Amino acid sequence: MLYLSRKMYFSAAHYYRVDEWSEKENQRLFGPCSNPHGHGHDYILEVMVKGKLNNDSGIVVNITDIDKVVKSFVQKELDGKFLNKEIHYFETHMPTTENIISYIWNSLDGKIDNCQIHKIRLRENDFLYAEKEESTLVRLTRKYHFCTAHRLHSDQLSNEENREIFGKCNNLYGHGHNYYLEVTVSGKPDPITGMVSNLADIDQIVEQEIMKKFDHKNLNLDTEEFKELNPTSENMTIVIWNLLSPKLRNLFKIGLFETEKNYFEYYGPEME
Ligand SMILES: [Zn+2]
Ligand SMILES: [Zn+2]
């Protein structure tokens with residue numbers, strides 16, 4: 001089986017509001033997204049399909065055939081629209097990233113000849129995207145940024161061994177990074193709010209449990225978590241998982257960019 005991905009763009013407006021709720025309730029849950037006049041995004045959609053190689057042509061499916069189905073759907077149904085007002089599906093489903101992905105999946109599945117949709121990813125902005133694969137629930141990823149100093153040094157190793165393994169990262173006074181943290185939750189979008197988990201809640205939990213502890217800090221000197229634990233990104237993903245998982249019941253994955261070049265993932269102790 002071969003997999004190929006096609007990226008496309010569209011711009012759309014939306015708002016998040018439940019008509020039966022008071023203004024205050026809408027504000028509390030959806031914040032600025034509840035503005036009834038709407039706001040908008042430049043969405044990036046990636047559709048990955050899978051299929052068998054055609055030995056004669058050397059391709060799985062002609063990209064123009066994907067475009068005929070996917071791009072024409074995106075252009076006709078989504079691009080340049082006000083989702084709540086112009087698309088029937090979103091009159092009864094909140095146009096959250098999670099619900100838009102379900103709508104795209106249901107609309108396109110089985111429509112492209114010679115291949116099947118394997119995965120859809122929809123990026124609302126640099127700090128939020130949703131994805132879905134065959135027979136999985138929708139996953140929502142929220143991205144955060146923090147700046148932190150650390151020194152890689154293990155008490156279990158000699159000074160010599162530490163220097164050998166960690167090189168300049170073992171510098172006595174430490175050094176630092178621009179970390180980008182991805183928190184992914186998985187689940188069924190709520191029938192009313194259209195959300196897998198309330199974004200404001202995730203933000204508040206991450207602020208409390210991670211940002212306050214780690215942002216603009218020295219991990220080795222300022223945090224309880226790394227007083228005796230080597231603050232490698234591997235250990236950081238596990239520590240972050242352990243801090244968030246009791247509060248985010250549908251936590252699926254922790255992704256951590258230590259730098260643009262170094263990225264780490266952890267799926268929790270059950271996946272070990
Ligand atoms: Zn929005
Ligand atoms: Zn480092």
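Modeller: The answer below begins with the whole chain and then turns to the core and its surroundings.

This is a predicted model, in which local features need pLDDT of at least 70 and side-chain atom pairs count only at pLDDT 80 or more, while totals for chains, interfaces and linings use all residues. Residues are numbered from 1 along each chain as its sequence is written, and chains are lettered from A and ligands numbered from 1 in the order in which they are written.

The protein has nine helices and ten strands (DSSP runs numbered from the N terminus: H or I of at least four residues for helices, E of at least two for strands). Of its 272 residues, 27% are buried; a buried residue has 20 or more other C-beta atoms within 10 Å of its own, an exposed one 12 or fewer, and a partly exposed one lies in between, with C-beta atoms placed from the backbone. The domain assignment, which is automatic or from a database, gives domain 1 (2-134) and domain 2 (140-271).

In soluble globular proteins, nonpolar side chains tend to be buried together. A nonpolar core is here a set of buried Ala, Val, Leu, Ile, Met, Phe, Trp, Tyr and Cys residues joined through C-beta atoms within 7 Å. The largest such core holds 41 residues, and those that touch the most other members are Val47, Ile101, Ile120, Leu122, Ala130 and Ile240. Helix α7 (residues 199-214) supplies the largest share, five residues. Both domains take part, for the core draws at least three residues from each of domain 1 and domain 2.

Beyond its neighbours within four places in sequence, Val47 is in contact with Ser5, Arg6, Val70, Ile117 and Ile120 (a contact requires C-beta atoms, placed from the backbone, within 7 Å). A second, separate core of five residues includes Tyr16, Leu29, Phe30 and Met94.

Because 19 other C-beta atoms lie within 10 Å, Phe73 counts as partly exposed. Phe73 and Leu108 are 35 residues apart in sequence, yet 8.2 Å separate their C-alpha atoms. Across the protein, among contacts between residues at least 6 apart in sequence, 68% join residues at least 24 apart.

Notes
Two residues are in contact if their C-beta atoms, placed from the backbone, lie within 7 Å.
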